[in-house]
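This briefing sets out selected features of the structure shown below. It begins with a single residue and its surroundings, and then turns to other sites and to the contact between the chains.

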Protein chains: 2
Amino acid sequence: MDKPIIAISIGDLNGVAPEIALRAHSQIREFCTPLYFTNYEMIEQAAQLLNIPIPSDFDIEYIGGSFTIRPGKVSRESGEYSFRSFQKGVEFTSAGITHALVTLPISKEAWQRAGIPYRGHTDYLRHRFGREIIMVLGVPQLWIALYTDHIPLRKVPKKIRTGRLTEFLTRLYPLFGSERISVLGLNPHAGDGGVLGDEEKKISKAIKRANKGIGKKVFRGPLVPDSAFAPHIREREHHYVALYHDQGLIPLKTLYFHEAINVSLGLPIIRSSPDHGTAFDIAYKKGFSINTTSYINAVNYAVRRALL
Amino acid sequence: MDKPIIAISIGDLNGVAPEIALRAHSQIREFCTPLYFTNYEMIEQAAQLLNIPIPSDFDIEYIGGSFTIRPGKVSRESGEYSFRSFQKGVEFTSAGITHALVTLPISKEAWQRAGIPYRGHTDYLRHRFGREIIMVLGVPQLWIALYTDHIPLRKVPKKIRTGRLTEFLTRLYPLFGSERISVLGLNPHAGDGGVLGDEEKKISKAIKRANKGIGKKVFRGPLVPDSAFAPHIREREHHYVALYHDQGLIPLKTLYFHEAINVSLGLPIIRSSPDHGTAFDIAYKKGFSINTTSYINAVNYAVRRALL
């Protein structure tokens, strides 16, 4: 395979997605053949608002639809359009026409307004493929798999159950691409011997059981969360399991805000995305430079996975 | 006042504390007059084990006691001794003989073994002065005040109450030394409009009430926790309120593991300490270099506060 063909779902056209696609095209063109799921009229509209020329090799897979772009607004039309773009990208990739899917950011609120019965990309993929998906975020030197993701913090401690975590770790191992994975504790100082919480006992058991099942000591921990990402620890640890959203995303975004990407593991297709949203507050605004690093990293990841 | 006199409680002699005191002496001597709460025999014993000479101007305030140092061990004798050193340091500082107190790390377990009825330094200070203490950790460019500290994560959400948080913020403001303080949300994406938790409503109310009481907009938030410490946010935000231990300590230690210090606000005396423990695992061991940065920063902070 020469350059993989990457399906790019166009995201919410009222947000920063089309600007990112247009601005980063020449860079990603160097290592892949992008195929954008949209139509010429819509891209032309975005390009004119942004005053960016459409590159001559900006290949489009037609998604019908026509509406006026309203910069920074949550709209039904834009929500529906972004969903159809994404859905077709999934089907093309599932059929092998495209080798991987990179999704530009959509608005969950806009999906809701359009009556789409999925909370977001991951929710749809879970239903479409009937699989549990593991949400992984990171950069090449720091990958974080989330044991729980978009739930209130108060619901997290109850989810720490030995059996469930053992299953999660066992499923994660063949997908995560590492023989050394650090599992964080839940409580301050990882419970300090039980004085500051006792969920660490269950975490320890799950680690032991998962390692036993795999037949080698892949998982280690539970690590004291606050020092787990200290510079001297990060020198040797590159793969982590965080038990809740902010436990993993705070250190990641503190260090690599613009670089980090989002990856869905456990699917029959390769899917990645930039780790940011529609950025409605700065979309189409003069004087704001849109950072394309996360998107380019997401495409790069998809390409490397496709070439394996 | 020329150089402030700083009381240094000697910490647990079985840990890294005496090595830190001996190694950093000449550096802190440049900006303060340290007074070490120990006795010559004990320091001589530590110095011989470490093969470090005792500096000629290593001034000692006598704390009676004699026992054999057992490197890396939790011991009753060492626990009791570290408590008496600390207690006398508190009294000297409270009486104004010393201008501030820097506490070297003790072992909470050793205190327990010695039958000392306090869980640690802060617990003792709370009782001694009959005041609520606010635990603050940080470096000059990033300070974090903890709303809750050493409690299990599952107990945190229930502690988020409007009245209690309003009081905390109101008490923090005159102590924290900033006119611009960021308060974090509790949930992923700060609750995402209530979909991922609703404690943010109470946090918002507390912020408004505290600002109203103070008469100006000092507090802002609740901020989305995962992006609150991103590089471009840290450029302008230097004072944060974290709602739980790891929410504040993960980003701090990820960035400044060796530099960060611990400060007790709300006391009639100035007290700071290095933000690390006894490090029993490497105490008195050859081939391990003990990092003195956090300690030196803690002394420096105490000196600057004493000079105000």
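Leaving aside neighbours within four places in sequence, A:T93 is in contact (heavy atoms within 4.5 Å) with A:A7, A:T98, A:H99, A:A100, A:L101, A:I269 and A:I270. The structure is a predicted model, in which local features need pLDDT of at least 70 and side-chain atom pairs count only at pLDDT 80 or more, whereas totals for chains, interfaces and linings use all residues. Residues are numbered from 1 along each chain as its sequence is written, chains are lettered from A and ligands numbered from 1 in the order in which they are written, and side-chain values use heavy atoms, with hydrogens and water left out.

**Buried sites in chain A**

- A:T93 belongs to helix α3, residues 76–94 of chain A; helices (H or I, at least four residues) and strands (E, at least two) are DSSP runs numbered from the N terminus.
- With a relative accessible area of 7%, A:T93 is buried; buried means under 20% relative accessible area, exposed over 50%, and partly exposed in between, with a 1.4 Å probe and protein chains only.
- A:P4 sits in the segment before β1 (5–9) of chain A, and its relative accessible area of 1% makes A:P4 buried.
- Setting aside neighbours within four places in sequence, the contacts of A:P4 are A:F31, A:C32, A:T33, A:H99, A:V303, A:A306 and A:L307.
- From A:A306 to A:G11 the separation is 295 residues in sequence and 22 Å in space, C-alpha to C-alpha.

**Backbone features**

- The peptide bond joining A:G221 and A:P222 is cis, with omega about 0 degrees, and A:P222 is part of strand β8 (residues 219–223) of chain A.
- In chain B, a cis peptide bond joins B:G221 and B:P222, again with omega about 0 degrees; B:P222 is in strand β8 (residues 219–223) of that chain.
- A:N51, a residue other than glycine, has a positive phi near 60 degrees.
- The position of A:N51 is the loop between α2 (40–50) and β3 (60–62) of chain A, where A:N51 counts as exposed at 71% relative accessibility.
- A:A279 also has a positive phi, near 50 degrees, in a residue other than glycine.
- The loop between β11 (271–274) and α11 of chain A holds A:A279, which is partly exposed with a relative accessible area of 27%.

**Contact between chain A and chain B**

- Chain A contributes 35 residues to the contact, and chain B contributes 35 residues.
- The size of an interface is often given as the accessible area lost when the parts come together.
- Here chain A and chain B bury about 3,100 Å² between them, 65% of it on carbon and sulfur atoms; buried area is the accessible area (1.4 Å probe) that two parts lose on being put together, summed over both.
- Six salt bridges are counted between chain A and chain B, each being a side-chain nitrogen of Lys or Arg within 4 Å of a carboxyl oxygen of Asp or Glu.
- A salt bridge links B:D198 with A:R154, where the closest N and O atoms are 3.6 Å apart.
- On the side of chain A that touches chain B, α9 (231–234) and α10 (245–256) of chain A each supply at least two residues.
- The largest share of that side, nine residues, comes from α10(A).
- By class, the side of chain A that touches chain B has 17 nonpolar, 10 polar and eight charged residues; Ala, Val, Leu, Ile, Met, Phe, Trp, Tyr, Cys and Pro count as nonpolar, Asp, Glu, Lys and Arg as charged, and the others, Gly among them, as polar.

**Relation of the two copies**
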